[in-house]
Amino acid sequence: MNATSLFQAGAAIFLGALIFPSTAAAQVTLGDAPTAPADVSGLPGRGPRPLDVTGSFNVNTDSREQTREFYNAIYPTSENVPINSTAITANCVPGTNSTAFQNATLRRINWFRAMAGIPAAVTFDSGESTQDQAGALMMSANNTLQHIGIPPSWSCFTTAGTNAAANSNLALGSDGADAITDYIWDFGANNTATGHRRWILYPQTQVMAAGDMPAEGGFAPANATWIVDANLYGPRPATTKPYVAWPPEGLSPTRSFFRNGPLRCRTPI
């Protein structure tokens, strides 16, 4: 794919230029986005680490060459990474996934954040990732998505899993970095407010987590991505633009745009 076909200008997309659709919506389910908790005092994330749009991943989306190089350096490295999971859904074993797979999911998050012009130095918390693994197991085992009020009668029910469900984006039918892209797409009639996208692109967030169940034993893959940390109600850091939107202003790879009914391109956060 040449540079001309790889990119679309944000303004042109906003006016309805061609968008490359994905087939994921036919196979992936996104429930409602999680709601913000009132108390974040017990969550990790608050500390002296500065938030800076020039730290970690950063890109000038006004530059075609920078945007192309940034895409080629980061996005493909988060695709098709083996999960190498020890999970067994039928036996309610959440298992663990490969470090490479976890890192690929994290790179995808920070790629989207950098493209949106917000601090892109998110890290994963290991404890919350363990809870997310239990949450993803519950979603896969029960073939449905639910954030709160999960009954103990659910297969593979655990307190850790219910805690993760309440604080995470949830997807059924995709896992890892693909699930992150699904959250940015945020398809479905129940997601007109693009809440999953807003959580991934929330400027204050420093710490997330992720758990994933592979397609295994006839069960669908599932993802839980923890999106709330102790910085939720903290001061908003500087952003490249006075708002956060997807697609961002400037140039972006066409594959990062999606057709999902109404063209929800500009979602200020």
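**Strand S4 and its sheet**

Tutor: Strand S2 (residues 29–30) pairs with S4 in the antiparallel sense over 2 bridges. Strands are DSSP runs (E, at least two residues) and helices likewise (H or I, at least four), numbered from the N terminus; two strands pair if DSSP finds at least two bridges between them. This is a predicted model, in which local features need pLDDT of at least 70, side-chain atom pairs count only at pLDDT 80 or more, and totals for chains, interfaces and linings use all residues. Residues are numbered from 1 along each chain as its sequence is written, and side-chain values use heavy atoms, with hydrogens and water left out.

Student: Which residue in S4 is the bridge partner of Thr 29?

Tutor: Thr 29 has its bridge partner in S4.

Student: How many bridges join S4 to strand S6?

Tutor: S4 and S6 (residues 222–226) run antiparallel. Ser 168 stands opposite Trp 226 in S6. The number of bridges is 5.

Student: Why is S4 largely enclosed by the rest of the structure?

Tutor: Buried means under 20% relative accessible area, exposed over 50%, and partly exposed in between (1.4 Å probe, protein chains only). Ser 168, Leu 170 and Leu 172 are buried on one side, as are Asn 169 and Ala 171 on the other. S4 (residues 168–172) is largely enclosed because its buried residues number 5 of the 5.

Student: What is the order of the strands in the open sheet?

Tutor: The sheet has 5 strands with mixed pairing. Its edge strands, S2 and S3 (123–124), each pair on one side only. The order is S2-S4-S6-S5-S3.
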